[in-house]
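Open the model in your viewer and keep the selection panel at hand.

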Amino acid sequence: MKMRLWGTLVFLFFTWVCAGAQRKNSYQANPLPDKWTYDDVMFQQTLPVDDNWWRVFEDATLDSLISVAIKQNPDVMMAMNRIDMAKSSMRMARGAFFPSLSLNAGWSRQKTSGYISDLQPEAYNGYYSGTADMQWQIDVFGSLRDKFRAQKENYIVSKEDYNATMVSLCAQVATAYFYYLEQQQLLQVLQRNAASQDVVVKITEVRYNTGLASKLDVAQAKSVYYSTLASIPATEAAVAQYRNTIAVLLGLYPEDLENSLTTLRPLPNYVEPVGVGMPAQLLLRRPDVRAAEHQVNAQAALLGVAKKEWFPTFFLNGTFGYSSHDLKNMGKRAGMVWSIAPSMSWTIFNGGQRLYNVKMQRAQLDETINQFNNTVLTAVQEVDNAMGNYKSSIRQISACQQMVNQGRDAFRLSLDLYKQGLSEFQNVLDAQRSLLSYENALVQAKGVSLIYLVQMYQSLGGGWNYNATVDKSRK
């Protein structure tokens with residue numbers, strides 16, 4: 001009667017565990033908006049370019065810099081190493097599906113003590129043995145499959161991390177390059193204005209020598225001129241700084257790149273409608289969103305592993321070989337030894353460790369779900385911000401261009417009136433300072449607009465795909 005009662009209790013406990021472990025895990029992502037905040041002719045609802053988005057700038061130097069960076073950047077190399085490690089972990093988990101085999105061979109000699117046996121002490125001849133042992137864990141409840149699925153999802157996450165690294169790297173190279181070109185343009189503005197201001201200094205000196213102007217005009221003209229000259233060294237240092245930044249991103253030393261970026265180049269003029277697609281398409285493009293989704297799947301698999309620790313574990317052990325006192329008899333049928341030993345291991349109580357492990361894994365799953373939702377929200381925010389910034393920068397460029405045009409007219413007219421003695425020199429000074437400020441603002445507005453465009457392509461995922469680009473030999 002007692003045995004039947006214990007059997008019933010064990011059966012009910014086992015049924016409860018099975019029911020709890022087989023419960024499905026699901027997660028709900030935050031719904032995405034139907035369209036972007038900025039919906040106008042500047043942004044098309046078509047998908048952006050899949051790869052090589054930087055080619056829209058039609059800059060051969062930028063193309064070559066990114067080509068070198070994706071081959072030599074240390075972060076890319078580390079991302080590839082993490083892929084290799086994740087792939088090895090996945091294959092290790094897959095290896096648990098198969099039985100483990102081991103070979104054992106040896107020779108032994110022993111003597112029995114006459115004080116612990118009724119038999120006369122006797123020295124036995126040595127014997128030889130050779131066996132093949134097998135142990136196989138039978139995955140009845142799918143625990144090994146869940147472990148493999150978790151490692152497989154982690155492997156996919158490592159590939160998405162590689163994609164994210166590549167997208168970020170290309171954006172960083174393009175950003176540093178455009179900042180470099182911007183500083184070059186600012187240097188040209190300073191040099192051009194310094195040359196113009198030097199001409200004004202000579203004009204004031206001629207007028208002073210002929211008695212048509214005071215010494216104050218000459219001093220004020222020189223102060224503006226030398227103020228502009230004083231700004232040149234800092235701008236030259238900024239040019240060198242961004243060149244060094246590009247070199248590091250390319251995995252090179254600065255001197256290796258010094259000769260490649262000496263030619264003055266204008267900032268690319270790229271003002272065209274940009275394809276941004278629909279918000280829902282971000283889930284298919286952004287590596288961080290895809291990685292967050294696979295992290296949820298991996299954690300769900302680990303929760304399944306934790307639940308199945310309540311189940312018994314089944315093993316199949318076996319041995320086959322030969323044993324003989326004489327080496328020449330090894331391999332004969334009479335010397336054959338073998339055994340088959342199915343076994344089961346079931347932990348009934350371990351102080352609640354399994355229970356709290358399930359709770360911990362479920363809490364970690366909730367955390368990864370929240371991280372996924374936060375990643376999606378951040379993705380939409382980044383695209384909206386980039387679109388708004390780029391749209392505003394285009395309007396700013398237009399206003400700055402008009403500002404420069406008027407500033408040049410004001411400087412030309414004020415200088416003509418001054419030379420004719422019809423205007424004070426203060427008007428020329430104000431026009432000089434304003435023109436320099438306006439031209440700097442125009443260059444910076446163009447540079448910032450390009451940076452915002454790069455940020456937009458980066459926020460859209462960049463279109464990088466590990467499976468389509470990685471060297472086949474590394475798969």
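What should the 35 residues of helix H10 span, and how far apart are its end C-alpha atoms? Select residues 425-459. Helices here are DSSP runs of H or I, at least four residues, numbered from the N terminus.

This is a predicted model: local features need pLDDT of at least 70, side-chain atom pairs count only at pLDDT 80 or more, and totals for chains, interfaces and linings use all residues. Residues are numbered from 1 along each chain as its sequence is written, and side-chain values use heavy atoms, without hydrogens or water.

Step just past H10 to Gly461. Its phi is positive, about 105°.

Next, select H2 (residues 60-72) and H4 (residues 143-209). They pack at about 140°, with axes 10 Å apart. Axes are lines fitted to C-alpha atoms over the stretch in contact, with angles from 0 to 180 degrees between N-to-C directions.

Now show the side chains of the contact (heavy atoms within 4.5 Å). H2 contributes residues including Leu62, Leu65 and Ile66, and H4 contributes residues including Met166, Val173 and Phe178. The contact residues divide into 12 nonpolar, one polar and no charged.

Stay on H4 and pick Arg149 and Asp146. Their side chains form a salt bridge, N to O 2.0 Å (cut-off: a Lys or Arg side-chain nitrogen within 4 Å of an Asp or Glu carboxyl oxygen). Arg149 and Asp146 sit three residues apart, about one turn of the helix. The structure holds 13 salt bridges.

Methods. Helix = DSSP H or I, 4+ residues; strand = E, 2+ residues; numbered from the N terminus. Nonpolar A, V, L, I, M, F, W, Y, C, P; charged D, E, K, R; others polar.
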